[in-house]
Amino acid sequence: MPAPTTFVIAGGGLAAAKAAEALREEGFDGTIVLVGREPHLPYERPPLSKGYLQGGDERQKIFVHDAGWYREHAVDVRTGVTVTAVDPAAHQVTLSGGERLRYDKLLLATGATPRRLTVPGHDRGHVLYLRTVDDSDRLRATLSTARRIAVVGAGWIGLETAAAARAAGVAVTVIEQERQPLLGALGPEIGAVFAGLHREHGVDLRLGARLAEVTEEGVRLADGSHIDADAVVAGIGAVPDTDLAAAAGLTVDNGVKTTADLRTSDPDIFAAGDVANAYHPRLGGHVRVEHWANALNQPAVAARAMLGQEAAYEELPYFYTDQYDLGMEYLGHVPPGTAHDVVVRGDVRERAFLAFWLRDDRVVAAMNVNIWDQGDQLKALVLAGSPVDRAALADPSVALERLVPSGA
């Protein structure tokens with residue numbers, strides 16, 4: 001008799017759990033083995049720097065499914081185990097305990113890992129990172145006792161950590177080498193909004209500053225100044241976890257490179273989530289973004305492709321943040337380092353506005369800040385890809401629907 005069909009999922013995060021869920025929903029009745037290095041069931045990461053870190057979200061709410069769901073759907077979950085090698089020719093993976101598993105299809109959902117500090121003192125015990133639930137627990141405990149912390153990096157993790165620390169009454173200094181926070185993600189105009197927000201809430205924001213050393217008492221900057229801190233939180237980005245893929249001979253370029261159906265250079269190996277650099281038909285190029293929405297939505301496409309169905313991932317990149325009294329959603333894609341014009345509609349000073357990123361007078365990305373009834377219109381504008389009148393785009397009296405061509 002033929003061996004039962006086995007699909008292996010390497011990774012234990014949101015993308016892995018959603019892939020197992022999608023495979024069952026699509027009718028796959030073979031063996032599913034989900035291998036995750038953390039000792040926990042798959043969970044969602046956004047709360048780790050938001051509600052969970054601040055104590056508002058209960059621990060059980062971060063998990064994608066409870067243990068009963070995996071039993072009921074016959075998903076073999078191996079927690080605290082790592083896939084250490086992939087042999088594409090033999091269709092086998094090797095686990096950290098030495099066991100070898102045969103697979104018919106393999107999904108890489110290995111995610112990303114925090115970029116580490118490299119300055120002298122980077123390995124001191126009070127240097128913290130935020131990627132896992134255990135990291136979040138440790139940071140939350142630190143915020144309950146620390147008087148002051150230093151945050152290195154003014155990206156999403158750094159700023160959300162700063163907001164959580166201020167909510168806990170902890171003094172915060174944020175050190176950022178760029179001239180504005182979130183410069184690569186949002187550009188200088190909108191980055192300035194976040195700079196003002198954090199300064200209003202008492203954050204000592206050091207822009208254009210470089211870290212030189214982590215000391216026993218805090219950090220020293222390149223200009224020689226010293227910042228006292230009970231803990232140092234490094235939020236300087238993440239790198240895709242591609243070691244497994246590279247060792248297996250897969251094409252790796254800013255992540256594991258895939259086609260639109262999330263298939264890698266090996267026809268029986270797929271990738272989804274933070275590790276996948278997927279071709280995006282709508283955007284006309286490969287895109288890798290470390291956004292919750294990708295980990296949530298890409299696995300359904302990968303599951304269909306693994307089952308031999310036609311599939312393509314075409315969802316627009318989406319992310320959100322909550323900091324103090326500012327809530328924001330962003331839809332679209334502006335490649336870092338590319339020149340785009342920004343048009344704003346609304347009151348930036350009151351932090352209730354819409355922002356649009358334009359290339360050749362076409363809206364390629366849009367953001368709503370503390371405005372929650374325009375999401376469909378913003379998405380329609382980005383999807384339309386048609387030239388818009390900039391003055392009308394900035395004018396709140398002009399309905400956004402009027403700027404979307406009929407039939408778009």
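This dialogue goes through some features of a predicted model.

Colleague: What ground rules apply to the numbering and the confidence values?

Modeller: Residues are numbered from 1 along each chain as its sequence is written, and side-chain values use heavy atoms, with hydrogens and water left out. As the model is predicted, local features need pLDDT of at least 70 and side-chain atom pairs count only at pLDDT 80 or more, while totals for chains, interfaces and linings use all residues.

Colleague: What radius of gyration would a compact globule with 408 residues have, and what does the chain have?

Modeller: The radius is taken over C-alpha atoms, and the globule rule is 2.2 Å times the number of residues to the power 0.38. For 408 residues that gives a value near 22 Å, and the chain agrees, with 22 Å. Along the principal axes, the C-alpha atoms fill a box of roughly 70 × 60 × 35 Å.

Colleague: How many helices and strands does the chain have?

Modeller: Helices (H or I, at least four residues) and strands (E, at least two) are DSSP runs, numbered from the N terminus. The chain has nine helices and 26 strands. An unreviewed UniProt entry lists residues 7-298 as "domain: FAD/NAD(P)-binding"; UniProt positions are given in the numbering used here, feature names are shortened, and annotations may be inferred rather than shown by experiment. That span is 24% helix and 28% strand, and its end C-alpha atoms lie 17 Å apart.

Colleague: Is Thr 161 buried or exposed?

Modeller: Buried means under 20% relative accessible area, exposed over 50%, and partly exposed in between (1.4 Å probe, protein chains only). Thr 161 counts as buried because its relative accessibility is 0%. Thr 161 sits in helix α4 (residues 156-167). Contact means heavy atoms within 4.5 Å. Leaving aside neighbours within four places in sequence, Thr 161 touches Leu 53, Leu 130, Leu 139, Ile 149, Val 151 and Val 233. Over the chain, buried residues make up 52% of the 408.

Colleague: Where is Thr 113 found?

Modeller: Thr 113 belongs to strand β8 (residues 112-114) and is partly exposed, at 30% relative accessible area. Apart from neighbours within four places in sequence, Thr 113 is in contact with Gly 237, Ala 238, Val 239 and Asp 241. In the chain, 60% of contacts with a separation of 6 or more join residues 24 or more positions apart.

Colleague: How much space lies in the largest cavity?

Modeller: Rolling a probe the size of a water molecule over the atoms shows where empty space is left. On a 1 Å grid over the protein atoms alone, a cavity is a set of points where a 1.4 Å probe fits but cannot get out; lining residues have an atom within 4 Å of a point. Grid points are joined across faces, edges and corners, and a volume is the space filled by probe spheres set on the points. The count is one cavity of 30 Å³ or more, and the largest cavity holds about 50 Å³. Its lining residues include His 280, Asn 294 and Tyr 313. Both β20 (276-280) and α7 (292-306) supply at least two residues of that lining.

Terms used. 1 Å grid on protein atoms, 1.4 Å probe; cavity = no way out; pocket = protein on both sides within 12 Å on 5 of 7 lines; lining within 4 Å.
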